[in-house]
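Please look at the structure below. A few questions and answers on how to read it follow.

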Amino acid sequence: MRSTGSYATSTTLGESVRAFVPNPLPPGKPALAYVCYMEPNRSAEMALARLSGVTGLVPSVDWLLYSAIRKEALLTSQIEGTQATLIDLFDKEAGLAVSNTDDVEEVTNYLRAFRLVQQNLRDPSGLPLSIRLLCNAHSLLLDGARGTGKQPGELRRSQNWIGGTRPGNAVFVPPPPERVADLLADMERFIHAASANDLPPLVKIALVHAQFETVHPFLDGNGRIGRLLISALLEHWGLLSEPLMYLSGYLKQHQSEYYRRLSAIRTDGDWEGWVSFFLEGVAQAATDAERSIVAIASLLATHRRTLLASPKAGTASYRLFEMLPMMPRFTIERVRRSLNTSFPTANAAVKVLEDLGIVTEMTGQKKNRSYSYQHYIELMT
Ligand SMILES: Nc1ncnc2c1ncn2[C@@H]1O[C@H](COP(=O)(O)OP(=O)(O)OP(=O)(O)O)[C@@H](O)[C@H]1O
Ligand SMILES: [Mg+2]
């Protein structure tokens with residue numbers, strides 16, 4: 001069996017435990033078996049290329065990104081146990097009341113962390129993909145009530161464990177805290193090493209995610225930062241120019257296998273099993289996202305035709321329609337502000353879309369009405 005690391009003794013909570021210290025990437029002795037990733041890698045790359053291609057079906061990729069990014073933020077937080085929904089997120093942005101504010105905050109924190117990493121990597125003078133950038137992202141992710149006591153933005157200074165009530169009965173005890181910085185520096189070197197270029201980029205992403213989870217560098221938020229790293233690398237290595245895929249949907253759907261495969265790297269040296277699980281996930285998630293874009297494009301085209309055919313439609317209702325994909329829930333006031341117009345004009349524009357069956361009023365009240373682009377939301381959820 002291939003060795004994937006060694007054990008170090010770590011003392012925590014008064015007991016002495018064996019903490020796992022992974023070998024640096026890439027897997028060796030034997031090297032990752034080519035036959036295990038060649039074909040699935042080709043399929044996954046193909047699915048990503050199709051996903052990039054299908055964005056041409058809508059006039060602006062921002063229409064698609066608005067929901068795709070939120071969907072990933074939501075799903076990755078749901079793996080953590082967050083109860084928020086996509087509608088909660090849309091409602092919060094519409095200024096409507098949401099019940100589980102803490103959960104929604106957790107998701108919006110992810111969005112902020114993701115944007116930070118994306119902006120830095122896109123900006124030639126921004127930070128490169130580095131421990132420092134990940135720590136900065138972590139501090140945004142754990143900002144607010146839930147992050148208190150979890151050392152936001154800092155590598156952990158104590159021994160942690162996964163599964164179980166204490167290190168002694170844990171499923172997995174990650175490396176001792178004093179090893180974390182060096183192990184991450186190894187990972188960073190692997191990301192930037194030219195010599196790693198004989199592995200396909202998607203395979204490298206699979207390796208990096210698993211290594212990151214195995215090092216478990218933070219007190220909390222390791223899953224979410226590790227998955228954020230996947231999205232960032234997909235763009236950074238030219239596999240998907242915009243974050244249109246929500247891989248966390250696949251990981252959530254196969255959550256126990258996800259955790260089991262991560263463990264099997266350590267316990268059985270099984271890197272191949274993890275890599276093929278990951279590649280299969282990319283192929284599935286990209287295909288799902290492609291289907292969803294085709295459905296959305298067709299819905300928008302149908303509604304656009306309906307609107308253009310209506311004698312009642314005018315400038316304001318046309319402009320409102322163009323905003324719907326990025327504003328699926330709204331009040332008249334929000335429309336008034338977005339269109340920079342008067343209340344009666346905003347009201348009339350909404351009425352046109354409502355009469356055509358494009359948007360629906362949700363409250364049934366005369367005052368403080370709020371609206372939903374329900375057909376679109378149903379396609380997203
Ligand atoms: N057996 C394991 N070996 C290595 N990593 C694991 C194992 N089981 C789970 N993980 C990783 O640890 C993550 C959980 O760690 P942590 O609670 O710090 O992250 P989180 O972002 O707060 O939560 P979550 O990942 O559950 O959303 C999992 O998502 C997974 O990526
Ligand atoms: Mg957690």
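Predicted model: local features only at pLDDT ≥ 70, side-chain atom pairs only at ≥ 80, totals over all residues.

Q: How many residues surround ligand 1?
A: A residue belongs to this shell if its C-beta atom, placed from the backbone, lies within 6 Å of the molecule. The closest are E80, E213, N222, G223 and R224. The number of residues that surround ligand 1 is 16.

Q: Which helix gives the most to the shell around ligand 1?
A: Helices are DSSP runs of H or I with at least four residues, strands are runs of E with at least two, and both are numbered from the N terminus. The elements that give two or more residues to the shell are α2, α7 (201–215), α8 (222–236) and α10 (255–268). With four residues, the one that gives the most is α8.

Q: How many residues of the shell around ligand 1 are charged?
A: Asp, Glu, Lys and Arg count as charged; Ala, Val, Leu, Ile, Met, Phe, Trp, Tyr, Cys and Pro as nonpolar; and the others, Gly among them, as polar. Six residues of the shell are nonpolar and six are polar. The charged residues number four.

Q: What is the radius of gyration of the protein?
A: The protein has 15 helices and five strands. The globule rule, 2.2 Å times the number of residues to the power 0.38, is compared with a radius taken over C-alpha atoms. The rule gives 21 Å for 381 residues, and the protein is close to this, so it is as compact as a globular protein of that length, with a radius of gyration of 23 Å.

Q: What distance separates the centres of domain 1 and domain 2?
A: Domain bounds come from an automatic or database domain assignment, which gives domain 1 (5–293) and domain 2 (310–380). Taken over C-alpha atoms, the distance between their centres is 37 Å.

Q: Which helices each supply at least two residues of the side of domain 1 that touches domain 2?
A: Two residues are in contact if their C-beta atoms, placed from the backbone, lie within 7 Å. The contact takes 13 residues from domain 1 and 11 residues from domain 2. On the domain 1 side, at least two residues each come from α2 (61–80) and α3 (86–94).

Terms used. Residues numbered from 1 in each chain as written. Chains lettered and ligands numbered in written order.
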